[in-house]
Amino acid sequence: MRKLLLGTLISLLIIGCDNPFIQEKNTDPRDNQAPDTYLFLQINSDTVAVDDTSYTDSDTIVTKDTLITGLDTTSSEQVLHWWGEDGDGEVIGYYYQWDYQAEPVFTTKESDTFFVPIKQRYDNFSFRIWAVDNDSLRDPVPAKLTFPVFNSFPHISFRNKSNPPAPSGNPNVVNYTFPTRTFVWDATDPDGNQTITEILWALDDTTDWNVIERQNGVLPDRLTLTRDELTPNMEHTIYIKAVDVANAESNTIMYPDTTDENVPNHWYVKPAVGNILLVDDFAQDQNTKNTQNYYKDILNNITSEEDSFSVWEIGSTIGEAAINPQNALPYTQTDIEANLNYFNKVIWFAHLGQNHLTDAGLALTKYIKKGGRIFITNGNEQMPDTTWTFTALDSTYRLNPGGRFYPGVTINAHFGDSELNQELTLETGQLIGNRVSALISKKQANVTDIYTCIHPDSSDVNVPWTGTPTVGIHYEPEYIDGESVYFSLPLHYCDGRENVENLIDYIINEEFED
């Protein structure tokens with residue numbers, strides 16, 4: 001009876017009182033809270049941070065409507081970082097808006113690089129950002145920075161090595177070109193290169209500037225002047241500068257620049273005369289011009305018209321012993337092609353030193369594909385490059401390992417006519433004192449081996465080869481009017497029978513006949 005009474009009393013006590021072992025659940029939870037947003041800007045070693053209320057450091061108090069006054073002016077390139085915090089959920093993204101944007105932009109990034117569109121020397125720009133949580137709640141008060149921006153001036157310079165060098169210690173020289181010249185530059189701006197809106201250029205007179213605007217959003221980095229702008233038989237000077245969105249102008253670069261001792265002081269445009277181009281790619285001869293005059297005399301004899309050809313000297317830029325570097329091969333393929341395309345026929349001679357057949361290879365190929373005709377005599381031992389598609393040369397090998405090719409060696413012609421072959425068979429008239437190449441041509445229908453060295457058994461002179469190695473090939477591409485002749489000996493050393501003039505006459509006036 002006592003046990004029953006005690007149990008009843010305990011039950012009543014529990015019913016009448018709060019159970020101390022069971023925590024009461026809250027049936028009225030708090031409303032979902034919006035996230036908080038934090039933003040900071042790193043400028044050099046200074047960090048400016050702001051949340052959606054305020055930020056305080058020793059120099060500056062920043063609120064959502066306060067300009068940052070503790071920093072120097074900044075550039076138009078702004079790298080901003082931000083993050084969000086949400087106590088009852090997670091941040092899934094952000095909306096940001098510059099004061100020049102009509103609508104906020106959503107992003108999941110937490111940093112980005114912006115280029116503010118400054119259009120005057122100085123301006124203020126404001127950036128606001130709101131965090132968004134997984135319940136689509138957006139921070140009601142954005143983090144905001146307002147900062148001063150100073151527009152920087154653009155800068156421009158000619159592309160490295162795009163202009164020919166002057167001889168060391170002697171800039172008072174002349175760079176000669178035909179009426180095509182391409183100038184290449186690099187334009188930059190601390191505010192971002194995309195803030196450069198146009199390039200201005202002037203020829204000879206800076207009172208009237210020409211404008212080059214962006215093309216499909218891309219700022220051009222070169223200008224090609226042609227006969228439309230360049231007057232032959234006179235010196236010219238080009239001036240170039242860049243302009244940005246705030247109309248700030250860069251420095252002005254010029255060519256020639258008489259204050260720069262590394263480039264020629266003079267640029268002279270010469271006319272493209274006649275329909276034949278004589279290319280002097282033998283820099284060691286360009287001081288005396290003995291070999292050049294040899295070919296000029298022949299051309300004067302075999303052409304009926306006065307001023308029927310032009311001369312293009314290609315100087316050497318290798319080492320301190322560079323010869324005629326102010327007339328180096330043009331920097332761009334555009335100019336090389338233009339120089340060739342002024343003419344119907346080309347004689348290109350090279351001997352000793354570094355020639356430029358590989359550097360000009362693509363231009364030579366394009367020239368032939370357009371119907372051009374070229375005769376090359378290259379008195380150097382040289383392997384063909386992949387760009388050598390202007391000839392059907394497959395490979396080469398050393399013809400005279402000892403570096404001696406004696407006078408009196410017969411070089412037989414193979415032009416398909418016995419009388420013509422006899423007339424055009426050559427003979428070395430002096431010692432060739434350097435190694436030269438024998439040629440292996442591609443075996444195809446439009447390729448002919450037109451010159452071979454005499455067999456040792458038939459030679460009156462000791463020769464260091466076997467068989468009859470090829471030293472001249474003729475190539476006429478299929479379905480193309482152009483053609484080429486490649487000769488691997490210095491032709492001016494092969495005039496022992498005094499008939500090199502007959503060969504050039506035949507090549508230019510018959511084989512290359514229009």
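C453 is buried, at a relative accessible area of 0%; buried means under 20%, exposed over 50% and partly exposed in between, with a 1.4 Å probe and protein chains only. C494 is likewise buried, at 0%. The model is predicted: local features need pLDDT of at least 70, side-chain atom pairs count only at pLDDT 80 or more, and totals for chains, interfaces and linings use all residues. Residues are numbered from 1 along each chain as its sequence is written, and side-chain values use heavy atoms, without hydrogens and water.

The whole structure contains 0 disulfides, a disulfide being a pair of cysteine sulfur atoms within 2.5 Å. For C453, the closest cysteine sulfur is that of C494, at 8.6 Å, so the two are too far apart for a bond.

The largest nonpolar core comprises 45 residues. Such a core is a set of buried Ala, Val, Leu, Ile, Met, Phe, Trp, Tyr and Cys residues joined through side-chain atoms within 4.5 Å. F415, Y451 and I504 have the most contacts inside this core. Helix α6 (residues 500-511) gives the most to the core, with 6 residues. Helices (H or I, at least four residues) and strands (E, at least two) are DSSP runs, numbered from the N terminus. Residues up to four places away in sequence aside, I504 touches Y295, I298, I302, I347, F375, L491 and N509; contact means heavy atoms within 4.5 Å. Another core, of 27 residues, lies apart from the largest one; L340, Y342, A360 and A363 are among its members. In soluble globular proteins, nonpolar side chains tend to be buried together.

Helix α3 (residues 333-341) has D335, I336, E337, A338, N339 and L340 as its buried residues. Their cover includes strands β13 (181-188), β21 (276-280), β22 (309-313) and β23 (345-350), together with helix α4 (361-369).

Strand β13 also belongs to an open sheet of 3 strands, ordered β11-β13-β16 with antiparallel pairing. Two strands pair if DSSP finds at least two bridges between them. β11 (155-158) and β16 (222-225) are the edge strands, each pairing on one side only. From one strand to the next, the twist averages 25°. Strands β13 and β16 are joined by 4 bridges. T182 has T224 of β16 as its bridge partner.

N434 sits in the loop between β27 (426-427) and β28 (437-441). Beyond neighbours within four places in sequence, N434 contacts H351, L352, G379, N380, N400 and G403.

Notes
Axes are lines fitted to C-alpha atoms, for helices over the stretch in contact, and angles run from 0 to 180 degrees between N-to-C directions.
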